[in-house]
Amino acid sequence: MAFKNLDFLFDRAKKGTVMRVVVAAAEDGEVLEAVKKAHSEGIVEAALVGDKGRIARVAEERSIDISSFEIISAKSEEEAAAKAVQTVSSGNGDLLMKGFIKTSTLLKAVLNKEWGLRSGNLLSHLFLFEVPAIDRVIGLTDGGLNTYPGLQEKAAIVNNAVCCYHCLGVETPKVAALAAVEVVNPDMPCTIDAAALVQMNRRNQIKGCIIDGPLALDNALSEEAARHKGLTSEVAGHADILLVPDIEAGNLLGKVILFMANGAGAGVVLGAKVPVVLTSRGDTARTKALSIALGAVLAKSQGMK
């Protein structure tokens with residue numbers, strides 16, 4: 001199943017129960033625009049955590065009506081993160097959202113041993129992208145959390161992404177383990193990891209997907225490029241998920257897509273007890289709204305298990 005664009009997330013998220021999103025540090029215009037969009041679409045109710053006065057001023061500047069949202073006062077980023085996570089962990093929220101706050105501050109609260117949202121799984125970030133030059137939605141992981149993952153971490157990152165795709169109705173997503181070349185080179189550790197992941201997949205250590213690699217980016221996405229290189233596999237030219245070798249590659253690729261290729265995206269942290277909507281503070285309201293929709297779809301799917 002190939003999604004042509006990310007609008008399917010709004011359609012999926014509207015079905016069933018309305019979810020409740022809790023926003024940590026909601027004093028941001030793009031965040032409030034996104035929450036209002038998701039609310040108007042019938043996707044979420046919302047609790048906004050942060051400085052009440054600043055939230056009200058930002059909403060007034062943007063002409064955003066926030067009267068239907070709960071406002072929870074917090075005087076600092078740390079307090080906003082703690083209160084947002086505690087609100088969700090106590091059962092008063094279905095998904096968490098990063099507002100105008102550092103990712104590290106929010107994740108410190110998520111990983112709190114007493115009242116956090118730990119599940120025992122590795123946390124990883126997945127971004128779904130739509131790009132004008134490509135005729136389908138592409139997933140990218142992990143360009144947001146894990147810095148230089150080893151083989152076992154990469155396997156866990158793949159498992160998180162594959163579970164997300166299963167929730168979206170993709171039965172057997174195709175995963176491309178990216179590198180700069182298509183051959184195993186002992187001087188390039190990511191190519192060795194890619195080959196190992198392929199073998200783990202073939203031996204059912206990683207299930208529910210098809211993995212190929214190492215693959216360069218063009219060979220993963222373009223059937224013609226793969227054919228020119230003489231690559232024949234179910235993944236080459238048809239990848240659903242791009243597994244990047246490290247956070248630098250993922251961060252750069254994601255920002256090229258969003259800021260240089262006029263793309264849009266939807267980003268979530270996977271592996272916690274609930275989905276964590278996590279985008280860059282510079283992302284557009286559309287990307288943030290799509291991310292809320294993705295988080296709502298995943299929250300509903302988790303609730304049915």
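In this predicted model, residue D240 is placed in the loop that runs between helix α9 (223-228) and strand β9 (241-243). D240 is buried and yet takes part in no salt bridge, since the nearest side chain of opposite charge, that of K174, is 4.7 Å away, whereas a salt bridge is counted within 4 Å. The surroundings of D240, leaving aside residues up to four places away in sequence, are made up of contacts with V137, I138, G139, Y165, T172, P173 and K174.

Salt bridges do occur elsewhere, and a search of the whole structure finds 11 of them. Side chains of opposite charge can pair when their charged atoms come close. In one of these salt bridges, E70 is joined to R20, with the closest N and O atoms 2.3 Å apart. Because E70 belongs to strand β3 (residues 70-73) and R20 to strand β1 (residues 19-24), this pair ties together parts that are 50 residues apart in sequence. E70 is partly exposed, with a relative accessible area of 38%, and R20 is also partly exposed, with a value of 22%.

A further salt bridge is formed between R62 and E30, whose closest N and O atoms are 2.9 Å apart. R62 is located in the loop between α3 (52-61) and β3, while E30 is part of helix α2 (residues 29-40), so that parts 32 residues apart in sequence are tied together by the pair. R62 counts as partly exposed at 36% relative accessibility, and E30 likewise counts as partly exposed at 23%.

The side chains of E130 and R286 also meet in a salt bridge, at 2.9 Å from N to O. Since E130 lies in strand β5 (residues 124-130) and R286 in helix α11, the pair ties together parts that are 156 residues apart in sequence. E130 counts as buried, at 16% relative accessibility, whereas R286, at 34%, counts as partly exposed. Both residues belong, together with D7, to a network of salt bridges.

For V35, when residues up to four places away in sequence are not counted, the contacts are with V23, V44, A46, L48, F69, M97 and I292.

Helix α7 (residues 189-202) has 14 residues, and the distance from its first C-alpha to its last is 20 Å, close to the 20 Å expected at 1.5 Å a residue. Within α7, the buried residues are C190, T191, D193, A194, L197, V198, M200 and N201. The elements that cover these buried residues include α6 (151-167), β7 (174-178), β8 (210-215) and β9. Helix α7 is followed by N204, which has a positive phi, near 65°.

The peptide bond from T141 to D142 is cis, with omega near 0°, and D142 is found in the loop between β6 (138-141) and α6. A cis peptide bond also joins G213 and P214, where omega is about 5°; P214 is part of strand β8. A positive phi of about 65° is found at A25, although this residue is not a glycine. A25 is situated in the loop between β1 and α2, and is buried, with a relative accessible area of 3%. S63, which is not a glycine either, has a positive phi of about 55°. S63 lies in the loop between α3 and β3 and, in contrast to the buried A25, is exposed, with a relative accessible area of 69%.

Conventions
Residues are numbered from 1 along each chain as its sequence is written. This is a predicted model: local features need pLDDT of at least 70, side-chain atom pairs count only at pLDDT 80 or more; totals for chains, interfaces and linings use all residues. Side-chain values use heavy atoms; hydrogens and water are left out. Contact means heavy atoms within 4.5 Å. Helices (H or I, at least four residues) and strands (E, at least two) are DSSP runs, numbered from the N terminus. Buried means under 20% relative accessible area, exposed over 50%, partly exposed in between (1.4 Å probe, protein chains only). Lys and Arg count as positive and Asp and Glu as negative; His and the chain ends are not counted. The expected span of a helix is 1.5 Å times one less than its number of residues.
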